[in-house]
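Thanks for passing this one along. Here are my notes, written to be read beside the structure.

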Amino acid sequence: MKELEEILDKIEELYNTSPSNEKHEKLAKLWSEYYKKCKMYQIQSERGYQLYLIGENESFIIDAQNKIPAVDQQALNRVVTKIDQSKKEFDGYIGPLTPEESKVLLDWAVAHTRKTWQSFGINVEKNSLNGLCELGQALSILPFEKIGFNVTKNLAQQCFGYLWNHAFGTVTILTIENQEIKETDYLVDTSYLQFFSTVRCNEGRYDAIEENTELPTAPDPGYFLTTPEEQAFAKELIENGYIELTEENARIYCDAFQKASILKGVDVKLEPQISAKEAIMKNGTGYALNPLELEEIEQDSEFPMERSRQFY
């Protein structure tokens, strides 16, 4: 169909331009037109599907990239040694860490996860990481679980009623700051950027068919994060791979998944949960990877101590 081909021609042409907000806006408009016309004429386009796949990493609704944190191995050694000594002295109890020490552990877990993906030939900083959440969950959470921290292994479907698959987790660290000791919870999601690709963050997704299941769908969660506070939350979580799990942050994270589960023509009134954070912390399941897959990565998913001069 000529109309469809003209839209796809413009999409392909835009793919060759540099990333920008203008590029996203133009592509979002074109993809919306494409999805609506496919629905109107009840057709599917193989070329459209191929451009959809290519477009996964071509443009995003947010100006943020996955980063691989730099971690001083000597600093990591000191933190792990402090944890080991605490566990020996206090019968397995891990004493409080400073925010800086907590950051070292979290940064290493994210670097470990994203460097593992990089070893597969993935350009992590420019990739949406779509489809890698289950592996990311295990790679980032296992080191904390193995050393003795309380963790949760979560599915967005279980926590928020999200229609599709997404795995993430949390880590609870006893922290001390200004002589105050408290439990600090962190949301760990190393592949969150996958929900911000232009191809799925546009109004036309309400007229689209989900590519893997061929079921009706809606825009991805990133489409619904529009306020400055929501944008700041998303940028921090995407770039760092983790963020403190406050009630406000939990609500932003939860609401976007819930809104992305409301299909066109379905009248749903979202009733706020008593606590979005509670929905996460009390709905842990288990690792999304199967036992054989976990076994393959488990040995290497530990905070290292040996390489005193290596930097990540």
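Predicted model: local features only at pLDDT ≥ 70, side-chain atom pairs only at ≥ 80, totals over all residues.

1. The protein chain contains 11 helices and 4 strands.

2. On overall dimensions, a compact globule of 312 residues would have a radius of gyration near 20 Å, and the 21 Å found for the protein chain therefore agrees with that. Along the principal axes, the C-alpha atoms fill a box of roughly 75 × 45 × 40 Å.

3. If you take contacts between residues at least 6 apart in sequence, 71% of them join residues at least 24 apart.

4. The accessible surface of the protein chain is about 15,700 Å², with 48% of that belonging to carbon and sulfur atoms.

5. Helix 8 (residues 228-240) is worth a look of its own. Its 13 residues should span 18 Å at 1.5 Å a residue, and because its end C-alpha atoms are 18 Å apart, the two agree.

6. Which residues of helix 8 are buried? They are E230, F233, A234, L237, I238 and E239. In an α-helix there are 3.6 residues a turn, so residues three or four places apart point the same way.

7. The packing partners of the buried residues in helix 8 are helix 5 (99-119), strand 3 (180-188), strand 4 (242-244) and helix 9 (247-259). Just after helix 8 comes G241, with a positive phi of about 85 degrees.

Technical notes. Residues numbered from 1 in each chain as written. Heavy atoms only, no water. Helix = DSSP H or I, 4+ residues; strand = E, 2+ residues; numbered from the N terminus. Rg over C-alpha atoms; globule rule 2.2 N^0.38 Å. Contact = heavy atoms within 4.5 Å. Areas by Shrake-Rupley, 256 points an atom, 1.4 Å probe, with all protein chains shown as cover. Expected span 1.5 Å × (residues − 1). Buried < 20%, exposed > 50% of the residue type's maximum accessible area, 1.4 Å probe, protein only.
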